[in-house]
Amino acid sequence: MLTYILRRMGAGVLLLGIVTLMTFVIFYVVPRLAGQTTEQLATMYVGKAPTDEAIQATIDRLNLDQPVALQFWEFVKGIFVGAQYQFGGETIRCSVPCFGFSFQNYTEVFPQIIKRLPVTASLTVGAAVMWLVGGVAIGVLSAIKKGSIFDRLAMMVALGGVSLPIFFTGLMLLAFPVHAWELFDTPTYVPFAENPWAWASGMFLPWVTLAFLHAAQYARQTRGGMLETMSEDYIRTARAKGLSERKVILKHGLRPTLTPIVTIFGLDIGLVLGGAILTESVFSLQGIGQMTVRAIISQDLPVILGVTLFGAFTVVVCNLIVDLLYAWLDPRVRVTA
């Protein structure tokens with residue numbers, strides 16, 4: 001078990017290095033391959049209406065006129081030891097981990113991400129509980145009651161959940177339960193430590209909006225897996241031994257089905273933590289996704305780069321956790337992986 005964990009952690013570290021390299025290539029190398037000059041690349045980091053002085057200063061700060069290898073070294077070094085930027089006669093330090101510096105707002109990118117992370121994390125945690133519990137439960141019941149009215153209705157709703165975009169679902173929830181029927185107040189974020197009830201009630205509709213899409217996918221995935229698993233020989237053997245149907249379903253049927261569910265759950269958590277752009281935009285939540293939208297509109301490329309790097313790291317870490325959970329769900333993984 002320890003060997004498996006160390007091997008997966010080593011693979012995770014290697015993958016983080018590859019992700020860092022690919023992020024650098026996308027933002028620094030690909031534009032040059034597309035024909036951009038050093039000045040044009042620097043303009044992307046300055047923002048709208050840049051001056052010649054600002055462009056030259058950006059070239060010097062980011063070493064854009066240096067060899068690519070040196071640029072990558074400075075990029076990686078900034079993540080682990082920080083970086084320094086000159087603004088006139090003033091030296092400003094970007095603390096560890098330096099995911100970039102916004103030259104439009106004169107602020108570090110990573111503290112901005114951390115400031116908005118509680119909103120995105122609150123949205124992620126609440127919605128994840130809804131879509132995981134709801135999706136798996138509906139999928140199991142649909143598999144057990146295959147062909148019943150419940151099964152047909154559940155799969156119809158799941159198909160609708162997969163088909164309807166988040167912005168449509170969110171706007172419908174704002175239009176009817178909030179404004180037309182006045183069943184809910186306008187969703188707002190309140191810190192959990194300040195008022196847990198206000199936190200939950202303010203995030204409920206965003207949770208439902210985001211969970212509806214994912215729960216539909218989980219329900220279909222669980223149903224398919226359960227139908228396949230319940231037809232296996234060892235399920236018939238468990239029933240022949242006299243085990244209760246509940247134990248057969250939960251212990252022998254559901255557990256193998258959870259392996260692919262854990263896979264997509266880890267990916268979904270990582271992606272949503274990187275910024276639920278549509279949900280946060282519809283409900284005006286000041287999270288990482290909302291910050292990304294504003295950075296795109298204002299062409300604040302360091303913020304976009306920082307969020308991309310943060311989101312990629314989040315996905316890699318979540319996948320590492322998933323790999324470790326595999327060993328608990330299915331001991332055979334420790335031997336074959």
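Buried area is the accessible area (1.4 Å probe) that two parts lose on being put together, summed over both. By this definition, domain 1 and domain 2 bury about 1900 Å² between them. Carbon and sulfur atoms account for 78% of that area. The structure is a predicted model, in which local features need pLDDT of at least 70, side-chain atom pairs count only at pLDDT 80 or more, and totals for chains, interfaces and linings use all residues. Residues are numbered from 1 along each chain as its sequence is written, and side-chain values use heavy atoms, with hydrogens and water left out.

The protein chain is divided into domain 1 (1-98) and domain 2 (110-334). These bounds come from an automatic or database domain assignment. The centres of the two domains, taken over C-alpha atoms, are separated by 32 Å. Contact (heavy atoms within 4.5 Å) involves 21 residues of domain 1 and 20 residues of domain 2.

On the side of domain 1 that touches domain 2, the elements giving two or more residues are helix H1 (2-33), helix H2 (38-46) and helix H4 (68-81). Helices (H or I, at least four residues) and strands (E, at least two) are DSSP runs, numbered from the N terminus. H1 gives the most to this side, with 13 residues. By class, the side has 14 nonpolar, four polar and three charged residues. Ala, Val, Leu, Ile, Met, Phe, Trp, Tyr, Cys and Pro count as nonpolar; Asp, Glu, Lys and Arg count as charged; the others, Gly among them, count as polar.

The unreviewed UniProt entry annotates "transmembrane region" at several spans, including residues 12-30 and 119-141. Such annotations may be inferred rather than shown by experiment. Residues 12-30 are 100% helix and 0% strand, with end C-alpha atoms 25 Å apart. Residues 119-141 are also 100% helix and 0% strand, and their end C-alpha atoms are 33 Å apart.

Backbone geometry was then inspected. Most residues other than glycine have a negative phi, and most peptide bonds are trans. The peptide bond from Val 96 to Pro 97 is cis, with omega near -10°. Pro 97 is in the loop between strand S2 (90-94) and strand S3 (101-102). Asn 63 has a positive phi of about 55°. Asn 63 is in the loop between helix H3 (52-62) and H4.
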